Amino acid sequence: MSPGFADLPIDALMREALALAERGFGLTEPNPRVGCVLWSADGRVIGRGHTQQAGGPHAEVMALRDAAAAGEPVAGATAVVTLEPCAHHGRTPPCCDALIAAGLARVVLALEDPFPQVAGQGAARLRAAGLGVLALPPGALADAAHAINIGFFSRVERGRPWVRMKVAASLDGRTALDNGRSQWITGEAARRDGHAWRRRASAVLTGIGTVRDDDPRLDVRLVETARQPLRVVVDSRLELPATARLLPPPGAVLVAAARPDAARVAALQAAGAEVLLLPGRPSPGPGGVPREAKVDLPALLAELARRGVNELHVEAGHLLNGSLLREGLVDELLAYVAPKLLGAGRGLAALGPYERLDEGPALRFVEATPVGEDLRVRARWRDAAWPPAR
């Protein structure tokens with residue numbers, strides 16, 4: 001333990017701060033989810049807080065307010081936070097200044113903030129003011145802090161959201177019948193759990209095929225949420241009907257298209273959607289005739305990152321899923337597997353055909369958890385270069 005911090009129950013306090021940070025799911029975007037616990041000089045938890053909606057107070061300020069409301073003095077206390085306190089004036093003043101002004105003695109942080117206007121500057125400002133600062137070494141707590149904000153780190157460090165592809169499949173890998181019907185392969189508990197993953201995303205992405213087959217709403221309604229994620233439809237030819245159920249509020253809708261059509265754009269705008277033109281390169285078709293250009297998917301992810309999308313939750317059909325996978329744009333698979341067999345039907349992604357077993361993408365399991373009668377499985381690419389080892 002670093003000198004000056006040996007008396008702290010750091011693991012227990014950081015676990016509590018991480019639990020507080022998770023309350024930011026569906027609330028803080030585009031800001032990171034941060035939790036803070038204040039530990040008094042005489043060895044008690046005197047304040048707790050987590051980051052509020054964008055423009056609202058951050059975790060450190062909420063914890064200071066919590067202590068003040070309880071009449072607890074904070075001079076000489078220690079702040080245990082899941083991410084480095086900010087050092088710049090954005091929508092709110094710098095959190096490190098609030099900690100300094102409150103007279104705290106020490107700060108323990110799980111991770112350095114990757115945002116260029118912070119990136120070590122918050123810790124440096126605290127040290128310059130005489131506070132002790134301890135950054136946790138690599139390990140389970142730092143990994144947990146990173147996982148809570150994996151989308152924020154992805155957007156800042158890679159310039160693209162963390163892309164999580166959700167599928168619901170039968171035990172024989174079918175996501176829909178041959179006629180396109182897919183409601184409902186999994187049970188109620190799995191559907192509710194899926195809405196919790198929607199809630200933590202900044203945006204939900206689907207394709208025009210899924211809209212035609214299922215007419216989904218793609219909002220969060222089976223769990224409580226303070227905000228609705230942006231709904232994004234990949235619709236190269238602007239075929240989205242103005243009567244689609246995902247167009248009405250609450251929440252905003254972005255339609256990504258590849259060809260202009262003034263009448264269709266006007267109709268979708270009148271229905272409340274924003275239309276974004278992102279044509280890709282036409283690909284060769286039969287006889288060398290170019291296929292019609294489709295939406296440039298990497299450009300779409302870059303644009304979503306520019307708009308502050310941290311985590312992108314994909315709920316699409318096998319064709320768009322296949323396109324995203326082939327272009328290497330998917331970071332994680334979130335699969336709900338139902339204990340049933342559907343026989344002939346649609347798979348989770350249009351890939352292959354492959355000639356050898358080792359040609360297909362190789363993944364590693366991250367989690368396998370029963371959810372009701374179904375199984376939730378998460379997997380990531382075996383040889384992914386990001387996220388880096390911490």
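Arg198 is found in helix H7 (residues 188–200); helices (H or I, at least four residues) and strands (E, at least two) are DSSP runs numbered from the N terminus. The model is predicted, so local features need pLDDT of at least 70 and side-chain atom pairs count only at pLDDT 80 or more, while totals for chains, interfaces and linings use all residues. Residues are numbered from 1 along each chain as its sequence is written, and side-chain values use heavy atoms, without hydrogens and water.

An unreviewed UniProt entry lists Ser182, Arg198, Leu218 and Glu315 under "binding site"; such annotations may be inferred rather than shown by experiment. Leu218 sits in the loop between helix H8 (208–214) and strand E9 (230–234). Buried here means under 20% relative accessible area, exposed over 50%, and partly exposed in between (1.4 Å probe, protein chains only).

| Residue | Relative accessible area | Class |
|---|---|---|
| Arg198 | 7% | buried |
| Leu218 | 3% | buried |

Contact means heavy atoms within 4.5 Å. Leaving out residues up to four places away in sequence, Arg198 touches Leu218, Glu315 and His313, among others.

Elsewhere, five strands form an open mixed sheet in the order E2-E1-E3-E4-E5; two strands pair if DSSP finds at least two bridges between them. Strand E2 (45–50) and strand E5 (132–135) each have a single partner strand, so one side of each lacks a neighbour in the sheet. Strand E4 (residues 106–109) pairs with E5 in the parallel sense over four bridges, and Arg106 stands opposite Gly132 in E5.
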